[in-house]
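This report describes one protein chain, beginning with the chain as a whole and ending with single residues. Please keep the sequence and the 3D view open while reading.

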Amino acid sequence: MKLGHVGGHGHSGRRGEAAVRSYLTGEVMNSPFTLAASAEMIYADLPFVERLQRIKAKGLAAEIWGWHTKDLEAIAASRVPILSMTGYITGELIDSDGADELLRTARQSVEAAAQISCRSLNVHGTGLDSHGLPVRPQQVVTGADWLSAARTLERLARLGEETDVVFTLENLNLLVDHPGTPFGLARDTIALVSAVDHPNLRLNLDLYHAQIGEGNLVELCCRAMPWIGEIQVADVPGRCQPGTGEVNYAGIARALKDMGYTGTVAMEAFASGDSDAALDAFIDAFTD
(Lines give C-alpha, C1' and ligand atoms only; values in the text may rest on other atoms or scores of the structure.)
Protein backbone atom coordinates (compact mmCIF):
# COMPACT_ATOMS: atom_id res chain seq x y z
CA MET A 1 0.00 0.00 0.00
CA LYS A 2 2.99 2.26 -0.59
CA LEU A 3 1.67 5.62 -1.77
CA GLY A 4 4.95 7.49 -1.88
CA HIS A 5 5.89 10.99 -0.80
CA VAL A 6 3.28 13.67 -1.23
CA GLY A 7 5.57 16.65 -0.78
CA GLY A 8 8.97 17.93 0.20
CA HIS A 9 10.82 17.07 3.40
CA GLY A 10 10.31 19.59 6.20
CA HIS A 11 12.04 19.62 9.58
CA SER A 12 9.54 21.50 11.74
CA GLY A 13 9.43 18.78 14.39
CA ARG A 14 13.21 18.72 14.74
CA ARG A 15 13.47 22.49 15.03
CA GLY A 16 10.78 22.65 17.70
CA GLU A 17 12.34 19.78 19.61
CA ALA A 18 15.78 21.38 19.52
CA ALA A 19 14.34 24.63 20.85
CA VAL A 20 12.70 22.80 23.73
CA ARG A 21 15.87 20.85 24.57
CA SER A 22 17.84 24.09 24.71
CA TYR A 23 15.16 25.62 26.93
CA LEU A 24 14.91 22.87 29.53
CA THR A 25 17.49 22.74 32.29
CA GLY A 26 18.40 20.55 35.23
CA GLU A 27 18.58 16.82 35.71
CA VAL A 28 16.42 15.94 32.72
CA MET A 29 19.12 17.20 30.36
CA ASN A 30 21.04 14.04 31.34
CA SER A 31 18.45 12.15 29.31
CA PRO A 32 19.16 11.32 25.67
CA PHE A 33 15.48 12.11 25.01
CA THR A 34 13.25 15.16 25.23
CA LEU A 35 11.01 14.33 28.20
CA ALA A 36 7.45 15.54 28.63
CA ALA A 37 4.32 14.73 30.63
CA SER A 38 0.62 14.98 29.87
CA ALA A 39 -1.07 17.63 31.97
CA GLU A 40 -4.38 15.84 31.48
CA MET A 41 -3.59 12.94 33.82
CA ILE A 42 -1.43 14.17 36.72
CA TYR A 43 -1.90 16.92 39.32
CA ALA A 44 -5.58 16.35 38.58
CA ASP A 45 -6.67 18.30 41.67
CA LEU A 46 -4.99 21.51 40.46
CA PRO A 47 -6.14 24.15 37.94
CA PHE A 48 -4.86 23.34 34.47
CA VAL A 49 -2.23 26.06 34.13
CA GLU A 50 -0.88 25.20 37.57
CA ARG A 51 -0.48 21.61 36.38
CA LEU A 52 1.63 22.89 33.50
CA GLN A 53 3.78 24.93 35.86
CA ARG A 54 4.35 21.95 38.15
CA ILE A 55 5.43 19.86 35.17
CA LYS A 56 7.81 22.61 34.07
CA ALA A 57 9.24 22.80 37.60
CA LYS A 58 10.32 19.17 37.17
CA GLY A 59 12.32 20.17 34.08
CA LEU A 60 9.80 18.65 31.68
CA ALA A 61 7.84 19.91 28.72
CA ALA A 62 4.07 19.35 28.71
CA GLU A 63 1.42 17.87 26.45
CA ILE A 64 -2.32 18.54 26.28
CA TRP A 65 -5.37 16.98 24.65
CA GLY A 66 -8.30 18.98 23.26
CA TRP A 67 -7.41 22.64 22.83
CA HIS A 68 -10.97 23.85 22.29
CA THR A 69 -11.78 23.46 25.99
CA LYS A 70 -8.61 25.28 27.15
CA ASP A 71 -7.66 28.90 27.83
CA LEU A 72 -4.95 29.16 25.18
CA GLU A 73 -3.95 32.68 26.23
CA ALA A 74 -3.29 31.47 29.77
CA ILE A 75 -1.32 28.49 28.48
CA ALA A 76 0.79 30.75 26.28
CA ALA A 77 1.37 33.15 29.17
CA SER A 78 2.64 30.28 31.34
CA ARG A 79 5.63 29.90 28.99
CA VAL A 80 5.58 26.14 29.48
CA PRO A 81 6.76 24.32 26.33
CA ILE A 82 3.82 22.37 24.84
CA LEU A 83 5.16 19.54 22.71
CA SER A 84 1.91 17.94 21.56
CA MET A 85 -1.83 18.53 21.47
CA THR A 86 -4.85 16.95 19.83
CA GLY A 87 -4.91 17.92 16.18
CA TYR A 88 -8.63 17.74 15.40
CA ILE A 89 -12.03 18.20 17.04
CA THR A 90 -14.29 16.01 14.93
CA GLY A 91 -13.93 13.85 11.83
CA GLU A 92 -12.53 10.50 10.79
CA LEU A 93 -10.19 8.85 8.28
CA ILE A 94 -12.55 6.67 6.21
CA ASP A 95 -15.85 8.36 5.35
CA SER A 96 -15.47 11.14 2.77
CA ASP A 97 -17.57 13.63 4.72
CA GLY A 98 -15.77 12.62 7.92
CA ALA A 99 -12.42 13.13 6.20
CA ASP A 100 -13.43 16.62 5.10
CA GLU A 101 -14.49 17.37 8.67
CA LEU A 102 -11.19 16.04 10.01
CA LEU A 103 -9.25 18.32 7.67
CA ARG A 104 -11.46 21.29 8.52
CA THR A 105 -10.95 20.91 12.27
CA ALA A 106 -7.29 20.01 11.79
CA ARG A 107 -6.78 23.38 10.15
CA GLN A 108 -8.49 25.03 13.12
CA SER A 109 -6.19 23.05 15.39
CA VAL A 110 -3.11 24.29 13.53
CA GLU A 111 -4.23 27.86 14.15
CA ALA A 112 -4.78 27.09 17.83
CA ALA A 113 -1.40 25.36 18.08
CA ALA A 114 0.32 28.49 16.79
CA GLN A 115 -1.00 30.41 19.80
CA ILE A 116 0.90 28.11 22.19
CA SER A 117 3.89 27.41 19.89
CA CYS A 118 3.03 23.72 19.56
CA ARG A 119 4.37 21.95 16.46
CA SER A 120 3.05 18.39 16.90
CA LEU A 121 -0.66 17.59 16.53
CA ASN A 122 -2.08 14.16 17.35
CA VAL A 123 -4.87 12.27 15.57
CA HIS A 124 -6.52 8.85 15.89
CA GLY A 125 -8.05 6.25 13.59
CA THR A 126 -11.47 7.80 14.23
CA GLY A 127 -13.05 10.43 16.41
CA LEU A 128 -13.29 9.58 20.12
CA ASP A 129 -15.97 10.63 22.60
CA SER A 130 -15.37 12.01 26.10
CA HIS A 131 -14.86 8.45 27.40
CA GLY A 132 -12.27 7.58 24.75
CA LEU A 133 -14.69 5.39 22.81
CA PRO A 134 -15.01 5.67 19.02
CA VAL A 135 -17.86 7.87 17.88
CA ARG A 136 -18.45 5.33 15.11
CA PRO A 137 -17.23 1.90 16.26
CA GLN A 138 -15.99 -0.32 13.44
CA GLN A 139 -15.05 -3.95 14.06
CA VAL A 140 -14.22 -4.82 10.44
CA VAL A 141 -11.97 -2.68 8.24
CA THR A 142 -12.05 -3.36 4.51
CA GLY A 143 -9.38 -2.85 1.87
CA ALA A 144 -11.31 0.15 0.60
CA ASP A 145 -11.28 1.58 4.13
CA TRP A 146 -7.49 1.27 4.26
CA LEU A 147 -7.11 3.14 0.98
CA SER A 148 -9.51 5.87 2.11
CA ALA A 149 -7.64 6.28 5.39
CA ALA A 150 -4.30 6.54 3.61
CA ARG A 151 -5.64 9.19 1.26
CA THR A 152 -7.01 11.20 4.18
CA LEU A 153 -3.64 11.00 5.89
CA GLU A 154 -1.98 12.18 2.67
CA ARG A 155 -4.19 15.27 2.83
CA LEU A 156 -3.27 15.74 6.48
CA ALA A 157 0.43 15.47 5.65
CA ARG A 158 0.04 18.12 2.95
CA LEU A 159 -1.64 20.39 5.48
CA GLY A 160 1.26 19.79 7.86
CA GLU A 161 3.76 20.69 5.17
CA GLU A 162 1.79 23.80 4.23
CA THR A 163 1.57 25.01 7.83
CA ASP A 164 4.95 23.74 9.12
CA VAL A 165 3.59 21.30 11.71
CA VAL A 166 3.79 17.54 12.12
CA PHE A 167 0.69 15.40 12.55
CA THR A 168 1.10 12.16 14.48
CA LEU A 169 -1.13 9.08 14.28
CA GLU A 170 -1.51 7.34 17.64
CA ASN A 171 -2.09 3.64 18.21
CA LEU A 172 -4.76 2.69 20.78
CA ASN A 173 -5.51 -0.55 22.58
CA LEU A 174 -8.77 -2.29 21.70
CA LEU A 175 -9.02 -4.63 24.68
CA VAL A 176 -9.33 -2.19 27.61
CA ASP A 177 -9.76 1.47 26.67
CA HIS A 178 -10.82 1.90 23.03
CA PRO A 179 -12.79 -1.10 21.68
CA GLY A 180 -14.03 -0.72 18.14
CA THR A 181 -11.46 1.87 17.07
CA PRO A 182 -10.35 1.26 13.46
CA PHE A 183 -6.60 1.29 12.79
CA GLY A 184 -6.00 1.08 16.54
CA LEU A 185 -3.08 -1.35 16.70
CA ALA A 186 0.49 -0.18 16.30
CA ARG A 187 0.90 -2.46 13.30
CA ASP A 188 -2.03 -0.58 11.69
CA THR A 189 -0.63 2.89 12.36
CA ILE A 190 2.82 1.80 11.14
CA ALA A 191 1.27 0.46 7.92
CA LEU A 192 -0.57 3.71 7.26
CA VAL A 193 2.21 6.14 8.15
CA SER A 194 4.84 4.16 6.25
CA ALA A 195 2.52 3.98 3.22
CA VAL A 196 2.09 7.75 3.12
CA ASP A 197 5.79 8.16 4.00
CA HIS A 198 5.80 11.93 4.48
CA PRO A 199 7.89 13.85 7.05
CA ASN A 200 4.85 15.84 8.21
CA LEU A 201 3.03 12.63 9.18
CA ARG A 202 4.68 10.54 11.90
CA LEU A 203 3.78 7.94 14.51
CA ASN A 204 2.80 8.67 18.07
CA LEU A 205 3.90 5.26 19.32
CA ASP A 206 2.10 4.72 22.63
CA LEU A 207 3.79 1.84 24.45
CA TYR A 208 1.04 1.50 27.06
CA HIS A 209 -1.50 0.77 24.34
CA ALA A 210 0.96 -1.41 22.43
CA GLN A 211 1.75 -3.55 25.47
CA ILE A 212 -1.95 -4.34 25.89
CA GLY A 213 -2.61 -4.94 22.22
CA GLU A 214 0.63 -6.42 20.94
CA GLY A 215 3.60 -6.56 23.34
CA ASN A 216 7.19 -7.21 22.18
CA LEU A 217 7.88 -3.51 22.68
CA VAL A 218 11.58 -3.31 21.86
CA GLU A 219 11.10 -5.06 18.52
CA LEU A 220 8.07 -2.84 17.87
CA CYS A 221 10.13 0.29 18.48
CA CYS A 222 12.82 -0.98 16.16
CA ARG A 223 10.31 -1.69 13.40
CA ALA A 224 8.59 1.67 13.83
CA MET A 225 11.77 3.73 14.24
CA PRO A 226 11.91 5.32 10.74
CA TRP A 227 8.48 6.90 11.27
CA ILE A 228 8.35 7.71 15.00
CA GLY A 229 7.41 11.30 15.84
CA GLU A 230 7.15 10.67 19.57
CA ILE A 231 6.79 7.87 22.11
CA GLN A 232 4.28 7.87 24.96
CA VAL A 233 4.53 5.67 28.04
CA ALA A 234 2.52 4.37 30.99
CA ASP A 235 2.78 1.10 32.85
CA VAL A 236 0.50 -1.92 32.47
CA PRO A 237 -1.87 -2.67 34.12
CA GLY A 238 -3.31 0.51 35.58
CA ARG A 239 -1.90 3.17 33.23
CA CYS A 240 0.24 4.71 35.96
CA GLN A 241 3.88 5.85 35.98
CA PRO A 242 6.79 3.54 35.06
CA GLY A 243 7.62 1.10 37.82
CA THR A 244 4.03 0.35 38.83
CA GLY A 245 3.45 -2.53 36.42
CA GLU A 246 4.99 -5.14 34.18
CA VAL A 247 6.90 -3.03 31.62
CA ASN A 248 10.68 -2.68 32.01
CA TYR A 249 10.89 0.94 30.93
CA ALA A 250 14.51 1.38 31.97
CA GLY A 251 15.35 -1.48 29.60
CA ILE A 252 13.28 0.11 26.84
CA ALA A 253 15.08 3.42 27.42
CA ARG A 254 18.44 1.66 26.96
CA ALA A 255 17.19 -0.02 23.79
CA LEU A 256 15.89 3.27 22.37
CA LYS A 257 19.22 4.93 23.08
CA ASP A 258 21.03 2.07 21.34
CA MET A 259 18.72 2.53 18.33
CA GLY A 260 19.79 6.18 18.17
CA TYR A 261 16.42 7.61 19.15
CA THR A 262 16.71 11.15 20.58
CA GLY A 263 13.13 12.37 20.19
CA THR A 264 10.28 12.96 22.61
CA VAL A 265 9.30 10.46 25.30
CA ALA A 266 6.16 11.60 27.11
CA MET A 267 4.49 10.16 30.19
CA GLU A 268 0.79 9.95 29.46
CA ALA A 269 -0.13 8.26 32.72
CA PHE A 270 -1.95 8.66 35.99
CA ALA A 271 -0.02 8.97 39.23
CA SER A 272 -0.50 5.94 41.45
CA GLY A 273 -0.10 8.30 44.42
CA ASP A 274 1.82 11.57 44.62
CA SER A 275 2.21 13.28 41.23
CA ASP A 276 5.71 14.58 42.02
CA ALA A 277 6.83 11.04 42.86
CA ALA A 278 5.24 9.74 39.67
CA LEU A 279 7.20 12.21 37.54
CA ASP A 280 10.40 11.36 39.44
CA ALA A 281 9.89 7.67 38.59
CA PHE A 282 9.38 8.54 34.93
CA ILE A 283 12.48 10.73 34.86
CA ASP A 284 14.54 8.01 36.54
CA ALA A 285 13.50 5.43 33.95
CA PHE A 286 14.49 7.65 31.01
CA THR A 287 17.57 9.42 32.38
CA ASP A 288 21.15 8.12 32.22
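## The chain as a whole

Among contacts in the protein chain between residues at least 6 apart in sequence, 73% join residues at least 24 apart; contact means heavy atoms within 4.5 Å. Buried residues make up 58% of the 288 residues. Here buried means under 20% relative accessible area, exposed means over 50%, and partly exposed lies in between, with a 1.4 Å probe and protein chains only. The chain has ten helices and eight strands. Helices (H or I, at least four residues) and strands (E, at least two) are DSSP runs, numbered from the N terminus.

The model is predicted, so local features need pLDDT of at least 70 and side-chain atom pairs count only at pLDDT 80 or more, while totals for chains, interfaces and linings use all residues. Residues are numbered from 1 along each chain as its sequence is written, and side-chain values use heavy atoms, with hydrogens and water left out.

## The barrel

Strands of a sheet pair through backbone hydrogen bonds, either parallel or antiparallel. In this model, eight strands close into a barrel in the order 1-2-3-4-5-6-7-8, and the pairing is parallel. Two strands pair if DSSP finds at least two bridges between them. Neighbouring strands of this sheet are turned by 25° against each other on average, direction ignored.

Strand 4 (residues 120–123) and strand 5 (residues 166–170) are parallel and share four bridges, with V123 opposite L169 of strand 5. Strand 6 and strand 7 also run parallel and are joined by four bridges; N204 stands opposite E230 in strand 7. Strand 7 in turn pairs with strand 8 (residues 264–267) in the parallel sense over four bridges, and V233 has M267 of strand 8 as its bridge partner. Strand 7 (residues 228–233) is mostly covered, with five of its six residues buried.

Which strands does helix 5 touch? Start with strand 4 and strand 5, which pair over four bridges. Helix 4 (residues 96–115) packs on the sheet and touches strand 3 (82–86), strand 4 and strand 5. The direction of helix 4 makes about 155° with that of strand 3. Helix 5 packs on the sheet too, touching strand 4, strand 5 and strand 6 (201–206), and its direction makes about 145° with that of strand 5. Axes are lines fitted to C-alpha atoms, for helices over the stretch in contact, and angles run from 0 to 180 degrees between N-to-C directions.

## Helix 6 and its neighbours

Two packed helices are described by the angle between their axes and the distance between the axes. Helix 5 (residues 143–163) and helix 6 (residues 186–196) pack at about 55°, with their axes 9 Å apart. The two helices are therefore oblique to each other. Angles under 35 degrees count as roughly parallel, over 145 as roughly antiparallel, 65 to 115 as roughly perpendicular and the rest as oblique. On the helix 5 side, the contact is made by W146, A149, A150, L153, E154 and A157, and on the helix 6 side by D188, A191, L192 and V196. By class, this contact has eight nonpolar, no polar and two charged residues. Ala, Val, Leu, Ile, Met, Phe, Trp, Tyr, Cys and Pro count as nonpolar, Asp, Glu, Lys and Arg as charged, and the others, Gly among them, as polar.

The axes of helix 6 and helix 8 (residues 217–224) come within 11 Å and cross at roughly 10°, so helix 6 is roughly parallel to helix 8. A186, R187 and I190 of helix 6 meet L220, R223 and A224 of helix 8 in this contact. Its residues divide into four nonpolar, no polar and two charged.

Is helix 6 mostly covered or mostly uncovered? Nine of its eleven residues are buried, which makes helix 6 mostly covered. The cover over these buried residues includes helix 5, strand 5, strand 6 and helix 8. Just after helix 6, D197 takes a positive phi of about 50°.

## Two single residues

A281 lies in helix 10 (residues 275–285) and, at 23% relative accessibility, counts as partly exposed. A281 touches Q241 and P242, not counting residues up to four places away in sequence. A281 and P242 are 39 residues apart in sequence and 6.3 Å apart in space, C-alpha to C-alpha.

R79 lies in the loop between helix 3 (72–78) and strand 3. R79 counts as exposed, because its relative accessibility is 61%.
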